[in-house]
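Reader: Please walk me through this structure, one question at a time.

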Amino acid sequence: GPTALEAQDPHVAEGAPPDQPVGVANEEQKQRLEAALAPYIARARATYPQAKQRYLAGLPPRHSFFVTLELRDRAGGSEMVFLAVDSLARDSIYGRIWNQIHVVQGYRLRDPYAAPESALLDWLVTRPDGTEEGNVVGKFIDTYRP
């Protein structure tokens, strides 16, 4: 991947909303969740190019850019995770896994990870005051009950 100086840790304010993982018990619940998420993922993907341009132009101090992706493992487990974006190159996103892993095997907090932009489910920019921009999928998941 692209070489970069040691990336700064992203800034997440103390008052930032906590991440609420959603567990799905079975295939039917998973399909229902995926159907419910589809319009939000579409909105996130539609607005990503604008967010990407702003990131590439340079975000203000203590603003951090994250994307949400789905990690999968060989056992068939899957989990939505935040990736702290370190760099964007061509059609790829390079960053570090930025939450504790609960389901998938072989991944840990802060592990470097690269993904094609086509894998993006959501994006967000965290601000120093604890508010965030984007995260349309995440905000919906926070209210979703299977």
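Reader: Is Thr-68 buried or exposed?
Author: Thr-68 sits in strand S1, residues 64–72; strands are DSSP runs (E, at least two residues) and helices likewise (H or I, at least four), numbered from the N terminus. Buried means under 20% relative accessible area, exposed over 50%, partly exposed in between (1.4 Å probe, protein chains only). At 5% relative accessibility, Thr-68 therefore counts as buried.

Reader: What kind of model is this?
Author: Residues are numbered from 1 along each chain as its sequence is written, and side-chain values use heavy atoms, without hydrogens and water. Local features need pLDDT of at least 70, side-chain atom pairs count only at pLDDT 80 or more, and totals for chains, interfaces and linings use all residues, since the model is predicted.

Reader: Which side chain of opposite charge is nearest to Glu-132?
Author: Glu-132 lies in strand S6, residues 132–134. Lys and Arg count as positive, Asp and Glu as negative; His and the chain ends are not counted. Glu-132 is buried but has no salt bridge (a side-chain nitrogen of Lys or Arg within 4 Å of a carboxyl oxygen of Asp or Glu). At 4.7 Å, the nearest is Lys-139.

Reader: Is Ala-89 buried or partly exposed?
Author: Ala-89 is found in strand S2, residues 78–89. Its C-alpha is 9.9 Å from that of Leu-56, 33 residues apart in sequence. With a relative accessible area of 21%, Ala-89 is partly exposed.
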